[in-house]
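Please read this briefing with the sequence and the 3D view open.

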Amino acid sequence: MLSPSDNVAIIGAGLAGLAAALSLHDLSIKCSVYEMRDTNAAPPKSSGALMLAPNALKILDHLGVYSDIKQKSYTFEYVYYKDADEHTIDKYPFGSESSFGYKAVRIYRQDLLDVLYAACAKRCIPVHFGKKFAAVVDESDVNVTFSFTDGSTETASLLIGADGIHSKLRDYVIPGIEKKFVGIAALTWETPTKQLRIPEEKDYKFPVTVLTANGAFVLAPQRTDGSAMLAGTQIAIGEKDREGWNSFMFDKEALVARATRNVDVWPDIAKSSLENIDRDSMNVWPFYTIPRLSSWASPNYQRVVILGDAAHAIPPTTGQGASQAFEDVMSLALILSTLKDSSKLKWENALQFWQKMRQDRIDDLLVLTKQLNNKRLPLDEQKLLPKEDLWFDQSEKNPNQMAWLYAPRIEEAIKCWADRAS
């Protein structure tokens, strides 16, 4: 598939694209990254913080960036659930040093981008800004030529689309696939932790989700010392086009009015986060999904591959969106490295194995997502659901309950496939 003179091109210098470049470089596979933005600064609508679990942190540690990430992160082990009376009723494990080698972290997206970009710069990986992908010009059994909106073209042995849920490369791989809005958006803002009225008698631990008749209210620490707190809830809303979403997001007073609807239903800690909302920190995250794709690679020569949100959109409930993108890029890099060292393995067979391995993983995560989404319903509604539609902490009976998620055996699976296929 690849020789020492070959080059992999990556569209998108977001989290998946930069991690893909680092993963390929770590395996001595040359690559270049192309990004439509003029700088590495994420747009305001992509700002805010995200969670990374042990399965992602192990990959980032292997890439040599974990220590820098940890210095910029808030670490934690559980997300806690409280009822409307603020009694803790369950907890969801996000990470553990003793069980999985890492606590979970919460880090600003821009801080994570900065760490990944600095790592690429240190390794002299080319990252070209101001290069908006336009189209695949030609694809053969040895390379792919593609163009940008500035009229320039490039040729690579493999083109990777890490260009997100609005991916243009997905349109080339499988034309006509439409993303689907699920009718829900997260409405969030940041508040100083010292502003919160945290009742000592309620034994608050963070991050926390408080379940009320008004829906679920989330509080999640940000910054290394937890001095800031993400606050927010999910809202039902109709779909909008891009201009409509931009207008909705930038009308801060309308967002404040939406956040403070039925404010009396929220517990006092939530009310305190709604006082003097920092308008500049307000954000709206519409939840989109894409159908299960039959292929993540172009049909004829398979020299174009998509991954991350371009290939599978995971709702944010599990906090696994970025983590699964990192698994995508690491596993694909290992596949490419394995092919590079073997003359017996075929690229088309490797792609089929890789996509099935990754899709099976995503399917399992979607089951977990449904269970955790249901955990955010009012308790009266939860009681009407079958037990298997809800997630429950069973760590006392089953200490390895989360091992399937946080300690995947990706390298082992790829080695077993390579041994069989050879």
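Asp360 and Lys356 both lie in helix H11, 4 residues apart, which means about one helical turn separates them. Their side chains form a salt bridge in this predicted model, with the closest N and O atoms 2.8 Å apart. Lys356 is exposed, with a relative accessible area of 55%, whereas Asp360 is partly exposed at 33%.

**Salt bridges**

- Side chains of opposite charge can pair when their charged atoms come close.
- The search of the whole structure gives 14 salt bridges.
- Are the two partners buried or exposed? Arg358 has a relative accessibility of 2% and so counts as buried. Asp328 has 0% and is also buried.
- A network of salt bridges links Arg358 and Asp328 with Glu327 and Arg361.
- Lys370 pairs with Asp389 in a further salt bridge, in which the closest N and O atoms are 4.0 Å apart.
- Lys370 is partly exposed, with a relative accessible area of 47%. Asp389 counts as buried because its relative accessibility is 18%, and the cut-off for buried is under 20%.

**The second largest pocket**

- Rolling a probe the size of a water molecule over the atoms shows where empty space is left.
- The second largest pocket holds about 860 Å³ of space.
- How many residues line the second largest pocket? The lining has 38 residues, and those nearest the centre are Ile184, Gln234, Ile235, Phe287 and Asn373.
- Several strands and helices each supply at least two residues of this lining, including strand S13 (180-192), strand S16 (228-236), strand S17 (283-289) and helix H8 (252-259).
- Which element gives the most to the lining of the second largest pocket? H11 does, with 7 residues.
- By residue type, the lining of the second largest pocket has 20 nonpolar, 11 polar and 7 charged residues.

**Cysteines**

- The number of disulfides in the structure is 0.
- For Cys120, the nearest cysteine sulfur is that of Cys31, 7.3 Å away, and Cys120 is in no disulfide. A disulfide needs two cysteine sulfur atoms within 2.5 Å.
- Cys120 is buried, at 0% relative accessibility. Cys416 is partly exposed, at 35%.

**The chain as a whole**

- The chain contains 14 helices and 18 strands.
- Its C-alpha atoms fill a box of roughly 65 × 50 × 40 Å along the principal axes.
- What radius of gyration would a compact globule with 422 residues have? The value would be near 22 Å, and the chain has 22 Å, so the two agree.
- Of the 422 residues in the chain, 52% are buried.

Definitions and conventions
Residues are numbered from 1 along each chain as its sequence is written. This is a predicted model: local features need pLDDT of at least 70, side-chain atom pairs count only at pLDDT 80 or more; totals for chains, interfaces and linings use all residues. Side-chain values use heavy atoms; hydrogens and water are left out. Buried means under 20% relative accessible area, exposed over 50%, partly exposed in between (1.4 Å probe, protein chains only). On a 1 Å grid over the protein atoms alone, a cavity is a set of points where a 1.4 Å probe fits but cannot get out, and a pocket is an open set with protein on both sides within 12 Å along at least five of seven lines; lining residues have an atom within 4 Å of a point. Grid points are joined across faces, edges and corners, and a volume is the space filled by probe spheres set on the points. Ala, Val, Leu, Ile, Met, Phe, Trp, Tyr, Cys and Pro count as nonpolar, Asp, Glu, Lys and Arg as charged, and the others, Gly among them, as polar. The radius of gyration is taken over C-alpha atoms; the globule rule is 2.2 Å times the number of residues to the power 0.38.
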